[in-house]
Amino acid sequence: MVLNSKAKQNLDDFKLYILAEKNFSKHTAKAYYSDILGYLIWLDSQDCEDVKFSKVREYLHYIQIFNYKKTTIARKIASIRTFYKYLHREHKVENNPAESLISPKRPKSLPKFLTTDEIEQILSNINIDTPAGYRNRAILELLWASGMRVSELSGLNFGNLNLAANEITVFGKGAKERIILVTDRAKNYLQGYIDFARPLIAKGYTIPPITDESPVFINKTGYRLQTKMIRNVINDIVEKIELPKKVTPHMFRHSFATHLIENGADLRVVQELLGHASISNTQIYTHISMQRMKEVYEQTHPRA
């Protein structure tokens, strides 16, 4: 079904609102846009401005047939609430019919992480004798040392680097800027990649001169390395060493935070380094640390 012009205008205006005013990331904005598109299509000929609370509830009942995860349902509810909050602000609706919607409780699960030995096993099995291999080692060293998101790493430009101070500026969710710190080891691999490996990555292609806007990590054609490629790099190494875990780039971030907490780092410091908006997002790592402590206790105490 094709949306009528009024519904399409509302949808386009909403997308602009969450990107420009709410400062949502492109990924989140895309998900919200898709959620509202599906909702408007379901409404068919009924104008979204005329909807009452009972109609919104009817839609939520309808989508149950798709067996979405609770997290997906929670996001769709958040999308609809945000959509009607926007329409109310623009005086397109008198009352927000989604205001009293209650999101399902999200299942609590602890993030998976790697031990220090597992990370070193992964790093040591990267062949750094090729330009691409050296780049891959620099990437994983950086993920492990900094706790940055893989999207943040992919988006790095040379203007973000301040290696003399072991600092890198990244733009996280919602384009929020923060400074992360890197170890000397990670810095040395990054510098080696920049000086020796990067110029050889795109063999046969002309790489433009480096400026502040140039991507740090590039692929074999000289363009910015995308997150999917970084995931493939990790998958290949994990398969090669037969590590009995499904490893993702985000596990390096979880591991970074977990090991900081285990070694006594202040929770607020970890929050700043990770770029969490709320301390509650960071507190999950204290639960991981406590769980690990219990496991060690049960394995080592003679009376456990």
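1. Is the crossing of helix 5 and helix 6 left-handed or right-handed? In this predicted model, the crossing of helix 5 with helix 6 is left-handed. Helix 5 covers residues 116–124 and helix 6 covers residues 131–146, and the two pack at an angle of about 165° with their axes 10 Å apart. Because angles over 145 degrees count as roughly antiparallel, helix 5 is roughly antiparallel to helix 6.

2. The contact between these helices draws on I119, E120, I122, L123 and S124 from helix 5, and on R137, L140, E141 and W144 from helix 6. Sorted by class, this contact of helix 5 with helix 6 comprises 5 nonpolar, 1 polar and 3 charged residues.

3. The second largest pocket has a volume of about 220 Å³, and of the 13 residues that line this pocket, W144, A145, T183, F256 and L260 are the closest to its centre. At least two lining residues come from each of helix 6, helix 8 (184–201) and helix 10 (249–262), while the lining as a whole divides into 7 nonpolar, 4 polar and 2 charged residues.

4. Helix 1 (residues 5–21) gives the most to the lining, with 3 residues, and by class the lining residues of the largest cavity are 5 nonpolar, 3 polar and 4 charged.

Methods: Residues numbered from 1 in each chain as written. Predicted model: local features only at pLDDT ≥ 70, side-chain atom pairs only at ≥ 80, totals over all residues. Heavy atoms only, no water. Axes fitted to C-alpha atoms, helices over the stretch in contact; angles between N-to-C directions. Helix = DSSP H or I, 4+ residues; strand = E, 2+ residues; numbered from the N terminus. Parallel < 35°, antiparallel > 145°, perpendicular 65-115°, else oblique. Left-handed = near helix turned anticlockwise from the far one by under 90°. Contact = heavy atoms within 4.5 Å. Nonpolar A, V, L, I, M, F, W, Y, C, P; charged D, E, K, R; others polar. 1 Å grid on protein atoms, 1.4 Å probe; cavity = no way out; pocket = protein on both sides within 12 Å on 5 of 7 lines; lining within 4 Å. Points joined across faces, edges and corners; volume = space filled by probe spheres on them.
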